[in-house]
Amino acid sequence: MGQKRSVGFFQGLSYRGGGPMLAWLLHRLSGLGILLLVGLHIYASFFMQQTGSDIGTAFNIVYENWIFQILVIFIIIFHALNGLRIIILDTWPQTLRFQREALWLQWFIFVPIYGLTIFILFSTSLIGS
Amino acid sequence: MQARKVRPGISFEYIMWVFTRLSGFSMFLLVILGMLGALYMGARLQMDLPTLMRWTFFPNPNHVVNSEIPDLTLGWATAFWQVMQILIIFFASTHAFNGFRVVIEDFLGDGVLRVLLRGLIFLFWLCSLIIAIYVILAS
């Protein structure tokens with residue numbers, strides 16, 4: 001932390017960290033996304049409740065859009081599952097031996113959950129619930 | 001590979017490291033509880049999936065516009081669910097703002113900017129938490 005880095009941005013992009021690095025990066029990005037979303041949401045709820053203003057309503061309308069929900073559900077399910085993997089690996093460090101397998105297992109769990117959610121989202125949004 | 005036995009000293013970073021894991025796990029439990037509560041109160045017949053998810057994370061009438069929420073509002077308007085909402089918003093916002101701090105401080109050296117941003121994030125966290133709890137208790 002706070003160390004001098006002599007690595008440029010494009011040099012950093014060429015680093016081949018593979019799956020675990022992708023998971024680390026996605027975990028950070030999705031975390032920041034959730035912070036933005038939930039933070040705006042708290043203030044939108046406050047303005048809707050207290051002043052009944054259009055700002056809050058506008059935020060919530062964007063958020064409830066089913067196209068936006070595709071992204072939101074990806075971010076939340078990924079962050080939750082990846083976080084669970086990190087908790088398990090950190091609590092029982094012996095399992096770190098199988099960390100690549102754990103990452104594969106995580107994606108095998110992620111795909112059906114996300115796929116099913118998106119299927120239900122599409123079928124109710126396109127056909128009408 | 002044998003795990004090393006290291007006894008970490010108690011520091012702010014260590015406490016927040018532990019808190020991140022604990023709050024992440026407790027959010028799992030709270031979300032499962034919220035979803036089961038919604039389904040028990042009849043969400044499986046009256047709600048579509050996104051509404052159920054939204055209502056699970058933050059069951060508050062001010063946070064939904066278009067979603068049709070039937071009589072469930074009556075079921076959720078109890079002290080128990082208000083406490084659950086406050087718990088989830090406390091864990092979520094503390095987890096989130098701490099993560100934000102960790103991400104930002106990875107790009108900063110030691111200096112005035114680090115202290116300044118840390119203070120700003122702390123104020124932002126406190127402000128959001130107070131506002132969220134106010135919204136919960138006032139609705």
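**View 1. The interface between chain B and chain A.** In this predicted model, 38 residues of chain B are in contact with 33 residues of chain A. Together the two chains bury about 3,300 Å². Carbon and sulfur atoms account for 69% of that buried area.

**View 2. Salt bridges and polar contacts between the chains.** Two salt bridges are counted between chain B and chain A. A:R28 and B:D106 form a salt bridge, and their closest N and O atoms lie 2.7 Å apart. Three residue pairs are in polar contact between chain B and chain A, with both residues at pLDDT 80 or more.

**View 3. The side of chain B that touches chain A.** Four helices of chain B, α1 (12-46), α2 (49-57), α4 (79-105) and α5 (112-138), each supply at least two residues of this side. The largest share, nine residues, comes from α5(B). Sorted by class, the side of chain B that touches chain A has 24 nonpolar, nine polar and five charged residues.

**View 4. The largest nonpolar core.** This core has 16 residues, and the members that touch the most others are A:I42, B:I89, B:F97 and B:I131. At least two residues of the core come from each of α2 (18-50) of chain A, α4 of chain B and α5 of chain B. With seven residues, α5(B) gives the largest share of this core. In soluble globular proteins, nonpolar side chains tend to be buried together.

**View 5. The surroundings of B:F97.** Which residues does B:F97 touch, not counting residues up to four places away in sequence? From chain A, B:F97 touches A:L35. From chain B, B:F97 touches B:I121, B:F124, B:W125 and B:S128. B:F97 is also one of the residues that touch the most other members of the largest nonpolar core.

**View 6. B:L108 in a loop of chain B.** B:L108 sits in the loop between α4 and α5 of chain B. Is B:L108 buried or exposed? B:L108 has a relative accessible area of 14%, so this residue counts as buried, the cut-off being under 20%. Along the chain, B:L108 and B:T51 are 57 residues apart, and their C-alpha atoms are separated by 40 Å.

Terms used:
Residues numbered from 1 in each chain as written. Chains lettered and ligands numbered in written order. Predicted model: local features only at pLDDT ≥ 70, side-chain atom pairs only at ≥ 80, totals over all residues. Heavy atoms only, no water. Contact = heavy atoms within 4.5 Å. Buried area = accessible area lost by both parts, 1.4 Å probe. Salt bridge = Lys/Arg side-chain N within 4 Å of Asp/Glu carboxyl O. Polar contact = N/O pair within 3.5 Å; in protein donor to acceptor, adjacent residues only side chain to side chain. Nonpolar A, V, L, I, M, F, W, Y, C, P; charged D, E, K, R; others polar. Core = buried A, V, L, I, M, F, W, Y, C linked by side-chain atoms within 4.5 Å. Buried < 20%, exposed > 50% of the residue type's maximum accessible area, 1.4 Å probe, protein only.
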